[in-house]
Amino acid sequence: MTRWGILATGHIAARFAEDLRLVPGAELVAVGSRTAESAQRFADRHGAARAYASWADLAADTDLDVVYVATPHVAHYEAARTCLAAGRAVLLEKPFTLDLPTSTELVDTARAAGVFLMEAMWMRCNPLILRVCELIADGAIGTVTSVRADFGLAGPFPPEHRLRARTLGGGALLDLGIYPVSLAHLLLGVPQHVRSWAKLGPEGTDENTGLVLGYDSGAIATLSCGLVGATGVTASITGTAGRIDLPEPFFRPEAFHLHREGAETETFTAELVGSGYQYEAIEVQRCLAEGLTESPLVPHSATLEIMGLLDEVRAQIGVSYL
């Protein structure tokens, strides 16, 4: 049995707790929040035996095998560092932190202590996304030449909302854009050329952002994210011998379509239960059972390369959280 703790009590934490019920061998035993009332309400709702009124008290619980950190972006670094310092394995919500230096520090801390640490990029653990990667590796669409992906929400969101507030690490890029960027990275790796543009809101965070990533191979990725309109939230991966289309939402698909010239379109499906967070929990438990300190599906190198890319984009569009 893997004994889980959850740090934070918001919407994502609740969805993760619900999906944890679907994971064989998983038990939610504790929750931590900044207040006793919030922690107890969450524990009562989701069946956790213990509720803590501070992050440090949760991290100090030696009965825990791993802590899932689900705070707003701006608190990821502090919360994860608290857990790692106490020797707790950590599954840390995306984006890892607000920038590459703090992300690198967390990875270095975990490695030095021999403690498991993984970014909760659930897309990389999704069974259909893994199937897409298998098909591409087997040459189903030839060499990948382009990736297109978008993620936009209609809003409107008030200035104090976490998606807009600068003090909370707001903006479309870190919350939404990380999905298109992560998909491009998963398929094409680190780009050699980065061009981006954004419209910034009054808070100094990005409202509508576009990126073009170029690779020395000749491949390109055209990506967008925004808070000013509901996009299709789809993706398309084109290769020299075919194309794969991922419908909404591309990061948690229930089907995808493989198009090859001269052949009928093939549709691949999977019956996904829950919200889809259980797959990252399953991966964490597999890694812990095997004594791994990082996941091969969501390796530290990918987390840091993507964070470095997001830093570069923020520098180009003029978004800073300092």
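## Helix α5: two sides

P101 and A112 are exposed on the other side of helix α5, where exposed means over 50% relative accessible area, buried under 20% and partly exposed in between, with a 1.4 Å probe and protein chains only. This is a predicted model: local features need pLDDT of at least 70, side-chain atom pairs count only at pLDDT 80 or more, and totals for chains, interfaces and linings use all residues. Residues are numbered from 1 along each chain as its sequence is written, and side-chain values use heavy atoms, with hydrogens and water left out. Helices (H or I, at least four residues) and strands (E, at least two) are DSSP runs, numbered from the N terminus.

Which residues of α5 are buried? They are S103, L106, V107 and A110. Seen down the axis of α5, the buried residues fall within an arc of 95°, so they line one face of the helix. The arc is that of the directions from the helix axis to the C-beta atoms. In general, an α-helix has 3.6 residues a turn, so residues three or four places apart point the same way.

Helix α5 covers residues 100-113, which is 14 residues. At 1.5 Å a residue it should span 20 Å, and its end C-alpha atoms are 20 Å apart, which agrees. The expected span is 1.5 Å times one less than the number of residues.

What do the buried residues of α5 pack against? Their partners are α4 (76-85), β5 (89-93), β6 (117-120) and α9 (300-317). Contact here means heavy atoms within 4.5 Å. Just after α5, G114 takes a positive phi of about 70°.

## Aromatic pairs

The structure holds 9 aromatic pairs. Rings of Phe, Tyr and Trp (its six-membered ring) pair if their centres lie within 6.5 Å; planes under 30 degrees apart count as stacked, over 60 as edge-to-face and the rest as tilted. The rings of W122 and F251 have centres 5.9 Å apart and planes at 45°, so this pair is tilted. The pair links distant parts of the chain, 129 residues apart. W122 sits in the loop between β6 and α6 (127-137), and F251 in the loop between β12 (242-246) and β13 (255-259). W122 counts as buried at 7% relative accessibility. F251 is buried too, at 9%.

F151 and Y179 form another tilted pair, 5.8 Å centre to centre with 50° between the planes. F151 lies in strand β7 (residues 144-152) and Y179 in helix α7 (residues 172-188), so the pair ties together parts that are 28 residues apart in sequence. Both F151 and Y179 are buried. Where do these rings belong as a group? W122, F151, Y179, F250, F251 and Y277 form one aromatic cluster.

## Backbone exceptions

Most residues other than glycine have a negative phi, and most peptide bonds are trans. A cis peptide bond joins G155 and P156, with omega about -5°. P156 lies in the loop between β7 and α7. Another cis bond joins E248 and P249, with omega about -15°. P249 is in the loop between β12 and β13.

A8 is not glycine, yet its phi is positive, near 110°. A8 lies in the loop between β1 (2-7) and α1 (11-20). A8 is buried, with a relative accessible area of 12%. V233, also a residue other than glycine, has a positive phi near 55°. V233 is placed in the loop between β10 (220-226) and β11 (235-239). V233 is buried, with a relative accessible area of 5%.
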